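Me: I would like to go through the strand pairings of this protein and ask what each label rests on.

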Amino acid sequence: MGWLGLDDTDTLDEGCTTHAFDDLLRHLPSDVEVGTARLVRLWPFASGRTRGNAAVSVELLTKNEAALMEHLEDWWQTSLVHLKGQHSISHHSSRQQQSTDPGMVWFSHQPDESAYWMTVRGEVKQRDLPIPDKEWGGLGCIGAIAAAAWPKHHSTWEGIAWRETSSPNTPRRVCEKTLKDIDEWPDTFLSRDPRRGVSLIAPRGPSPVLLGVRATSESTASAALSSLLESQDTEQASSFRIFQTNQASGDHLDGTRRVTIESVDVVRERKHATIQSSDGAMIAYAEGGPINRLARWLQPGDVVDVRGLHDPQGSLHIEQMKLVSAKARQRVRPSCKMCDVRMKSMGANQGIRCPKCREQHADAWIELEPEPPYLDWIEPPATHRRHLARPLEWGVPETRFEP
Ligand SMILES: [Zn+2]
């Protein structure tokens with residue numbers, strides 16, 4: 001028995017790692033007992049990684065490991081090695097393309113979980129990871145090792161179905177009524193966007209994935225997947241499988257930082273906010289919704305608790321935030337009633353003037369009391385969270401398991 005890991009087989013034309021893995025698992029020698037398939041999301045900023053940065057692994061039981069190795073060698077040569085060098089979609093931009101470099105690994109004993117924690121929280125070189133008993137391919141071996149090492153401290157489930165190969169680029173047909181129904185089940189999550197009522201289970205664009213339905217239990221993931229696939233209004237799937245996954249585990253975040261705000265800069269057109277804090281630079285993108293709104297509200301001297309990931313340039317991308325204390329807001333000049341532009345002083349005791357329409361006014365101030373937009377922990381809307389992000393509704397951040 002042992003552990004098989006696979007990564008970096010996502011290509012623009014042919015597919016995705018989960019599909020390649022399902023294919024591999026369905027063609028194993030008949031004496032091999034297949035454990036639960038695992039879908040493991042890794043550090044989103046890793047260089048050369050595909051969108052979503054997911055690797056897969058499984059425990060395999062066999063009495064004849066040598067025969068299994070021979071089979072895997074054949075499978076690698078016939079079904080996987082040709083994926084190397086194909087284009088995949090980078091996580092940086094939907095237009096930027098990256099070359100795939102698939103990797104597959106075998107461990108007779110599960111590698112130490114430290115390999116997982118390193119790879120889910122930062123950039124890793126393969127030389128820093130446990131050496132597989134057998135390995136095939138290149139860069140993908142890093143994710144494959146991490147997936148094999150995943151210790152499952154926090155896990156959820158995803159039922160994934162793949163399309164018939166004849167329909168790779170047509171719009172996906174998934175029963176809307178069944179989706180609404182399963183979205184109401186207490187153990188499913190992220191099935192529909194609660195704000196816009198649109199599906200979150202089907203990917204867009206070229207991918208063999210028909211749908212992936214997420215749940216906090218295996219039985220619910222399985223039941224939800226069955227409901228969707230059995231519906232007349234859902235297109236025929238070629239195959240399906242339930243994965244145990246580290247999605248929504250929060251494993252990528254290593255703790256809460258309490259920081260004091262030093263300055264806030266907002267990119268005017270796009271509303272992205274860049275914050276300098278006592279703990280370095282922090283970023284709150286416009287897509288972050290409440291995170292961005294609070295970030296743009298902050299002023300020097302305010303204190304916040306933040307959780308997030310540092311990008312390779314050292315900026316913390318804020319994923320969860322809570323206001324701890326706010327300085328009294330300074331007094332400001334009133335706005336021009338015509339232009340809604342802040343009026344400016346014309347000099348000591350000379351009144352104020354609108355910089356736009358030049359309307360003048362007697363000297364005046366407005367006192368600003370802190371009126372924070374949020375007092376509790378906040379997070380981006382469901383559609384703009386990372387796969388790894390643990391929703392706040394499952395509990396506010398606390399001291400978590402720290403490896
Ligand atoms: Zn004016």
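**Grounds for the strand pairings**

Reply: Go ahead; note that this is a predicted model. In β14, Ala 273 is the bridge partner of Val 266.

Me: What makes β13 and β14 a pair?

Reply: Pairing requires at least two bridges between the strands. β13 and β14 (residues 273-277) are joined by five bridges, so they pair, and they run antiparallel. The two strands form a hairpin with six residues between them. In the turn, Lys 271 has a positive phi of about 70°.

Me: Why is β13 also said to pair with β16?

Reply: Four bridges link β13 (residues 257-266) and β16 (residues 303-310). The cut-off is at least two, so this counts as a pair. The two strands run antiparallel, and Arg 257 stands opposite Val 306 in β16.

Me: How do you know that β18 pairs with β19?

Reply: Two bridges join β18 to β19 (residues 352-353). Since at least two are needed, the pair qualifies. Ser 345 has Ile 352 in β19 as its bridge partner.

Me: Which strands form the open sheet, and in what order?

Reply: The order is β18-β19-β20, with antiparallel pairing.

Me: What makes β18 and β20 edge strands?

Reply: β18 (344-345) and β20 (360-361) each pair on one side only.

Me: How many helices and strands does the protein have?

Reply: Its secondary structure comes to seven helices and 20 strands.

Terms used. Residues are numbered from 1 along each chain as its sequence is written. This is a predicted model: local features need pLDDT of at least 70, side-chain atom pairs count only at pLDDT 80 or more; totals for chains, interfaces and linings use all residues.
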